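Work through these exercises with the model open beside you. Try each task before you read its solution.

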Amino acid sequence: MENTYYFGNREYDFTRLENMWVKLILEEIEMLLKKKEACDCEDCILDLAALALNKLSPKYWVSGAFNAFTSPSEFAANPQNRKDAKQAVAQALSLVKKNPHH
Ligand SMILES: [Zn+2]
């Protein structure tokens, strides 16, 4: 299965490892689509997400783990993080509009 990794014969579920920016980026993209500011084809949306995520330092979280990290809800509620996500998506949108792959 995808995202399951074996070290020796022990299996590890890497779907639990999440970049917390993904949720914020997807929310920003959803807003752009509602306002009809972005092309809604899969190529453009995935390019938008990839470009925006590459602009941000990844912030990983292990879901289901003991509270050793900032939780995704705290992360998403942080106004500076919202602002950074919005800015990353806006920059990605201008790149995708200049050079769409569809
Ligand atoms: Zn498109």
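The exercises below go from the overall layout to single helices, the core and a few single residues.

This is a predicted model: local features need pLDDT of at least 70, side-chain atom pairs count only at pLDDT 80 or more, and totals for chains, interfaces and linings use all residues. Residues are numbered from 1 along each chain as its sequence is written.

**Exercise 1. The layout**

Task: Find how many helices and strands the protein has, and the pattern they follow along the sequence.

Solution: 
- Start with the terms. Helices (H or I, at least four residues) and strands (E, at least two) are DSSP runs, numbered from the N terminus.
- Count them. There are four helices and four strands.
- Read along the sequence. The pattern is β-β-β-α-α-β-α-α.
- Take the overall dimensions. The C-alpha trace spans about 45 × 30 × 20 Å along its principal axes.
- Look at contacts, where two residues touch if their C-beta atoms, placed from the backbone, lie within 7 Å. Among contacts between residues at least 6 apart in sequence, 77% join residues at least 24 apart.

**Exercise 2. The hairpin**

Task: Work out how strand 1 and strand 2 run, parallel or antiparallel, and how many bridges join them.

Solution: 
- Two strands pair if DSSP finds at least two bridges between them.
- Strand 1 (residues 4–7) and strand 2 (residues 10–13) run antiparallel, and four bridges join them.
- Now the turn. Two residues lie between the strands of this hairpin, and Gly-8 takes a positive phi near 65° there.

**Exercise 3. Helix 1**

Task: Decide which residues of helix 1 are buried, and what they pack against.

Solution: 
- Set the cut-offs. A residue is buried if 20 or more other C-beta atoms lie within 10 Å of its own, exposed if 12 or fewer, and partly exposed in between; C-beta atoms are placed from the backbone.
- Apply them to the protein. Of its 102 residues, 16% count as buried.
- Apply them to helix 1. Trp-21, Leu-24, Ile-25, Glu-28 and Ile-29 are buried.
- Look down the axis. The arc is that of the directions from the helix axis to the C-beta atoms. The buried residues of helix 1 fall within an arc of 135°, so they line one face.
- Turn to the other side of helix 1. Glu-30 and Lys-34 are exposed there.
- Find the neighbours. The buried residues of helix 1 pack against strand 3 (17–19), helix 2, helix 3 (72–77) and helix 4.

**Exercise 4. Helix 2**

Task: Check the span of helix 2, then find its buried residues.

Solution: 
- The expected span of a helix is 1.5 Å times one less than its number of residues.
- Helix 2 (residues 42–55) has 14 residues and should span 20 Å; its end C-alpha atoms are 20 Å apart, which agrees.
- Its buried residues are Asp-47, Leu-48 and Ala-52. They fall within an arc of 125° seen down the axis of helix 2, so they line one face.
- Glu-42, Asp-43 and Asn-54 are exposed on the other side of helix 2.
- The buried residues of helix 2 pack against helix 1 (21–34) and helix 4 (79–98).

**Exercise 5. Helix 4**

Task: Which residues of helix 4 are buried, and which helices do they pack against?

Solution: 
- Check the span. The 20 residues of helix 4 should span 28 Å, and its end C-alpha atoms are 29 Å apart, which agrees.
- List the buried residues of helix 4: Ala-85, Ala-88, Val-89, Ala-92, Leu-93 and Val-96. They cover an arc of only 145° around the axis, which puts them on the same side of helix 4.
- The face turned away from that side carries the exposed residues Pro-79, Gln-80, Lys-83, Ser-94 and Lys-98.
- The buried residues of helix 4 pack against helix 1 and helix 2.

**Exercise 6. The core**

Task: Which members of the largest nonpolar core touch the most other members?

Solution: 
- A nonpolar core is a set of buried Ala, Val, Leu, Ile, Met, Phe, Trp, Tyr and Cys residues joined through C-beta atoms within 7 Å.
- The largest one has 14 residues, and Ile-25, Leu-48, Val-89 and Ala-92 touch the most other members.
- Helix 1, helix 2 and helix 4 each supply at least two residues of this core. Helix 4 gives the most, with six residues.
- Follow one member. Not counting residues up to four places away in sequence, Ile-25 touches Ala-49, Ala-52, Leu-53, Ala-85, Ala-88 and Val-89.

**Exercise 7. Lys-36**

Task: Is Lys-36 buried or exposed?

Solution: 
- Count its neighbours. Lys-36 has 8 other C-beta atoms within 10 Å, so it is exposed.
- Note its backbone. Lys-36 has a positive phi of about 55° although it is not a glycine.
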